[in-house]
Every structure is written in structure tokens, then in C-alpha cells.
Amino acid sequence: MDRINAYKDIIKEELCYQASKSPSNAPDLKQQLIFDEERSNFLVIISGWQDYAYVHQCIFHVEVKEGLVYVHEDRTDIVLVDILIEKGIPKSVIVPSFLPIYERELGAYAVAA
């Protein structure tokens, strides 16, 4: 369980850091953190008006369940999966769920559906 809590701490720390940065291409949009500790879901959303359009998007969504770290969404070019690996979460427990299973297998990630 300590291992899982360590993963959650890494995820929360990184998402807090990412949410603290303003998007250079949309400085009027606000980033918000959403942490559902009970269900182990961690999100960063962005919202606000950009020109004449209202924007409300999930930028990052990470879920920890059954000992695995599911990266459901990463709408950036920073590659959150790589950052989580650098910070100590083993590649073998990360499920980049936005990739097809065959790509997960090729990359030596966890393959869970």
C-alpha cells in the first residue's frame, strides 16, 4: 500500500506543477486541479473563454487502480508518462490507456484494458 501511496504522491505533485503553468497559447484560460482521493482519480482541466469560444477540456486524467497507474488523457506534448517514469513510477505499472494495446506491449508498458 505504501507503494501505491507513493505513486499517488508523485502524480499529485506533477499535476500540481503542470496546473501552475499558464498555457502560452491561451493565457486567459484557467487550469484547475480535481483530485478524487476516494476513487484515486486525478485530473487537470482547463476552462474559460478563448476569443469567442468557451473552452472546457480535460488536459490530464490519471487513475490509480488495482496497483496500476492509468494515464487516460494527456493533451500536451510533455509526455506525462515519461515524467512519471523519471519520478519513480515503474514503466511496468503504467497503462497509457490512450494507446492501443499493441503499442503498450511494444513499449513495455502495463497492458491492462
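Two strands are taken to pair if DSSP finds at least two bridges between them. Strands (E, at least two residues) and helices (H or I, at least four) are DSSP runs numbered from the N terminus. By these criteria β1 and β2 form a hairpin with four residues between them, and S40, in the turn, has a positive phi of about 55°.

This is a predicted model, in which local features need pLDDT of at least 70 and side-chain atom pairs count only at pLDDT 80 or more, while totals for chains, interfaces and linings use all residues. Residues are numbered from 1 along each chain as its sequence is written, and side-chain values use heavy atoms, with hydrogens and water left out.

Strands of a sheet pair through backbone hydrogen bonds, either parallel or antiparallel. Here, five strands make an open sheet with mixed pairing, in the order β1-β2-β3-β4-β5. At the edges stand β1 (30-36) and β5 (94-96); each has a single partner strand, so one side of each is left without a neighbour in the sheet. On average, neighbouring strands are turned by 20° against each other, direction ignored. Axes here are lines fitted to C-alpha atoms, for helices over the stretch in contact, and angles between N-to-C directions run from 0 to 180 degrees.

The pairing of β1 with β2 (residues 41-50) is antiparallel and covers seven bridges. Within it, L33 has V44 as its bridge partner, and Q32 has I45. Helix α1 (residues 2-20) packs on the sheet, where it touches β1, β2, β3 (53-65) and β4 (68-74); contact means heavy atoms within 4.5 Å. The direction of α1 makes about 165° with that of β1.

On its other pairing, β2 joins β3 in the antiparallel sense over ten bridges, and the bridge partner of F42 in β3 is V62. The hairpin of β2 and β3 has two residues between the strands, and D51 takes a positive phi near 60° there. Eight of the ten residues of β2 are buried, so this strand is largely enclosed by the rest of the structure. Buried means under 20% relative accessible area and exposed over 50%, with partly exposed in between (1.4 Å probe, protein chains only).

The whole structure holds two aromatic pairs. Rings of Phe, Tyr and Trp (its six-membered ring) pair if their centres lie within 6.5 Å; planes under 30 degrees apart count as stacked, over 60 as edge-to-face and the rest as tilted. F35 and F42 are edge-to-face, at 5.5 Å centre to centre and 75° between the planes. F42 is buried, at 0% relative accessible area, whereas F35 is partly exposed at 28%. The ring centres of W49 and Y54 are 5.5 Å apart with planes at 65°, so this pair is edge-to-face. W49 counts as exposed, at 54% relative accessibility.

A nonpolar core is a set of buried Ala, Val, Leu, Ile, Met, Phe, Trp, Tyr and Cys residues joined through side-chain atoms within 4.5 Å. The largest one has 29 residues, of which I11, V69, L84, I89 and I94 touch the most other members. At least two core residues come from each of α1, β2, β3, β4, α2 (80-86) and β5, with α1 giving the largest share, six residues. Beyond its neighbours within four places in sequence, I11 is in contact with F42, V62, V64, V69, L84 and I89.
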